[in-house]
Amino acid sequence: MGTALPQAAAGPPRRFSLMAAGGRKPPVAAMKLPAVGLLLAWSLIPLFMTLWFSFRHFNLLDADRYFSGLENYKYLLTDDALVASVVNTLILVVSVLIVTVGLGTLLAVLLDQDFWGRGIARVLIIAPFFVMPTVSALVWKNLLMHPVNGLFGFLLRSVGLQAIDWFADYPLTAIIIMVAWQWLPFATLILLTSVQALDPERKEAARMDGAGPISMFFFIIIPHLARSIGVVIMIEMLFLLSIFAEIFVTTSGGPGNASTNLPFLIYRYALLDFDVGGASAGGVLAIVLANIVAMFLMRSLAKTIEA
Amino acid sequence: MNRTVRKKAITTAVAWLVALLIFFPIIWMGLASFKTEIEAVATPPRLFFSPTLENYRDVAFGRANYLHCAFNSIYVSFGSTALALLIAVPAAYAMAFFPTGRTKDMLLWMLSTKFMPAVGVLVPIYLIFRDTGLLDVRFGLLVVYTLVNLPIVVWMLFSFFKEVPPEILEAGRMDGAHARDEVLLLLLPLALPGIASTALLAIILSWNEAFWSLNLTGPAAAPLTYYIASFSSPEGLFWAKLSAASTLAIAPILVFGWLSQKQLVRGLTFGAVK
Amino acid sequence: MATVTLKDVRKKFGDFEVIKGVSLEVLDREFVVFVGPSGCGKSTLLRLVAGLEEISSGDVLIDGVRVNDVSPAARGLAMVFQSYALYPHMNVAENMGFSLRLARVSREERDRKVREAAHILQLEPLLHRKPRQLSGGQRQRVAIGRAIVRNPKVFLFDEPLSNLDAALRVQMRVELTRLHDALQTTMIYVTHDQVEAMTLADKIVVLQGGIIEQVGSPMELFHHPRNLFVAGFIGSPKMNFLKSGARSVRDGAVRVGLPGGAELEVLVEAGKVAQGASLTLGIRPEHIALSAQGAVRGEVLVVERLGTSTLLHVRVEGGDLLTVSTDGECPVHMHEQVGLSLPTERVHLFDQEGVVVPRPSRHPLADVKVRGPASGAA
């Protein structure tokens, strides 16, 4: 007979009654306390501190500390570097999203097909996500994109073209390529899971109605994936807004501010310029940006969590 | 060749081409790790060469630095995961089996703490660590990772606990199990695969974390992410060894990732996609 | 001795009252079945007895002792769940012995008891298998075995047969009856299937909307339903109901109208029906006879031949559809005109509120002795 465990019987909502627990309810509140308390502290204390510092003149090299109102913000918003970094951040995020979601959808459909060695191919495609960001950055920078010793340079030269000095001429693009490579598996995996959940009977019904592969893709698969694509976009956005290591390891934001994004700019203010006040103001900006995205994500999640 | 087999053959070819293209950088790095330094930077790049283990030998045994950082990575990843599990299991149990009207809100709130960009709180955390002497201390990083991963760990455990059919626990009660027996003898064995995947995911996230590990550590507490990053200035003679070091650094995680693929989806999308 | 008493038990989930004041006596060694449609509260009632849900108000007594605040295991009960709820990570022997292990019983003692129970249910060859390696019927027997090992005062069954296929269900019904006879223990059984109720029970409790509609032996419920709900619920195919009226009343009898204008005289208790009262007439399909001189005439719309019996769906004058169950050899065809006769002693009359009009005589089987007198409903 069936090997699956029988499903829980349907019926009126069953809750674990306190009395059923042998008359002794476990200390529920105490069990939740460490997690809740720690997260509360972790989320609130640093946040308030950042807020506090953003209104102060506070530089680690300067003994003078005083309340400076909106000084930091004014300085921030008139700083060329900030505008550049916000623009770069947006370019980075949007480009990576387009590449990962677009390619990811195609890869998901591809991996859903039946072919030989599917399991291994899948592992290969997923692998980049698990590579440490610093490792991936250095591999791309030195082994692939290096104009003299890198593989790309060699390939271009062998067809008679000039090697591209990625990090000097197209630093942001180079970063985009690296980050997209790392996050493509994430999108692929999630979308693949979603594609595999598509009821085969729906596809069969469409085939009976005469749908070819293109129609199938646009009328059946994409609508089914719409929700997952939404989730992928929101979650990726949240993490892409915080890209740091790749820039830190390859371009250090340069040349100039060409590949500086908001996180890197804040890092520069904080740990290179030692401008705590300015970095905090920047931090507040980053938090606001992230919260906007998070708001949409939370609303979507709230609908799916069953508690 | 009939139509289905032909379609399958074409699909296989295309899929493998794509897969190899995507995996290529890792292959290339792996290859470089077995080359001598001169071969590694040779142009044209050599596909065929006589492999050598000298880089691995040098990295693993010649540089005390590497082993030290590897140990730090292990300490911090496994340690933070263990600590996170310790805190999360009771919380997830309480929320899964004794839910209140606020349970759902509480879960969402916990997840929301993960949406805070690290860079937004870099300054206060850095200052706090500096003033409490936790900068460049392994344990400090461990604590940060525990907090950073706690929401996902709680959430994943919660969703796995909820999948245990409640009748089984009720049957346990009818058989005379108290809460402690129930958890130890029934719940944990049944939820073990889920707990394992959760642990794997947490370890992966900690191992690869590249923000706090770069800003809060120095030579004493540096994990592998920091170690690799310290080679960011282009010194051509190091590439083969860098490749060896990198391969060693990522190999275990590639395995972990492969093992926990399915559960990853659940954890990374906070359950929005199952 | 294992009796269960419910005194005005109520259960609320939030604002919604699921059990609305149930009182009941279950006697020692009785096989009592709670039956009713989905949502009637039968499973909830069972879980209240088991101790898996808290009682909102009222009392549950086991052997005369109030157990409202006693944990399930301490009540001396064992339950067989609808989905069997076996522990997937333990083998059959460990599943059955779990309660003893929790009670710190020695390994030898545990093994002995498990083997005894396994012997009763013929589970010996399966003792080292895991639940996922068992068929549905085998899993169910393990669930029963787990209950037997606990040597409880009362067995509780929550729709145990509903996940089995039809043939297996029939077989398990027989086994359950024999089990009850062998163990001589009180059993409370919940089902939505009235066939299971009729075949297994010493006493049936019919529930609807959180209240008891009627309590009685199977034959009592079949021949003397107290109201329209019980009359329609028990017996398959369902009882036929016709709108009718009391044309004339005299002492001890009433003449009621039949479709097509004829009248029928039915004996009732004196003073229970007023002249002109509107009534519902109920008659079971198997009690309607085909007769050329029948008082009711109609056209056969559909003929269903089961081999063992034939079901005729007849549209009678006035538009009502009657179901007639007759023997398998019946040669009637679709669209034939037939005459139906309704024997007066088989007719049930229900008043405007749906309550049965009492009759002077009782069916002989209705009072066949069960253990102790059948108790009345709340």
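# Chat on a three-chain model

Trainee: Which residue in β5(C) is the bridge partner of L61(C)?
Mentor: In β5(C), L61(C) has R66(C) as its bridge partner. Bear in mind that this is a predicted model.

Trainee: How many bridges join β4(C) and β5(C), and in which sense do they pair?
Mentor: Two bridges, and the pairing is antiparallel. Strand β4 covers residues 57-62 of chain C.

Trainee: And what is the strand order of the sheet in chain C?
Mentor: The order is β2-β1-β4-β5 in an open sheet of four strands, with antiparallel pairing.

Trainee: Which strands are at the edges?
Mentor: β2 (16-26) and β5 (65-66) of chain C are the edge strands, each pairing on one side only.

Trainee: Which strands does helix α1 of chain C lie across?
Mentor: Helix α1(C), residues 42-50, lies across β1 (4-13), β2 and β4 of chain C. Against β2(C) the helix runs at about 65 degrees.

Trainee: Staying in chain C, is α2 mostly covered or mostly uncovered?
Mentor: Mostly covered: eight of the 11 residues in α2(C), which spans 92-102, are buried.

Trainee: Which ones are buried?
Mentor: V92(C), A93(C), N95(C), M96(C), G97(C), F98(C), S99(C) and L100(C). Their cover includes α3 (107-120) and α4 (136-149) of chain C.

Trainee: Switching to chains A and B. How many residues of each are in contact?
Mentor: On the chain B side there are 92 residues, and on the chain A side 88. Helix α1 of chain B, residues 3-33, gives the largest share of the chain B side, 16 residues.

Trainee: What classes make up that side of chain B?
Mentor: The side of chain B that touches chain A has 70 nonpolar, 18 polar and four charged residues.

Trainee: At what angle do α1(A) and α6(B) cross?
Mentor: Roughly 105 degrees, with the axes coming within 8 Å. Here α1(A) is residues 28-54 and α6(B) is residues 122-131.

Trainee: Why does that count as roughly perpendicular?
Mentor: Angles of 65 to 115 degrees count as roughly perpendicular, so α1(A) is roughly perpendicular to α6(B).

Trainee: Which residues meet there?
Mentor: From α1(A), P46(A), M49(A), T50(A) and F53(A); from α6(B), V123(B), P124(B) and I125(B). By class, that contact has six nonpolar residues, one polar and no charged ones.

Key
Residues numbered from 1 in each chain as written. Chains lettered and ligands numbered in written order. Predicted model: local features only at pLDDT ≥ 70, side-chain atom pairs only at ≥ 80, totals over all residues. Axes fitted to C-alpha atoms, helices over the stretch in contact; angles between N-to-C directions. Parallel < 35°, antiparallel > 145°, perpendicular 65-115°, else oblique. Contact = placed C-beta atoms within 7 Å. Nonpolar A, V, L, I, M, F, W, Y, C, P; charged D, E, K, R; others polar. Pairing = 2+ DSSP bridges. Buried ≥ 20, exposed ≤ 12 C-beta atoms within 10 Å, placed from the backbone.
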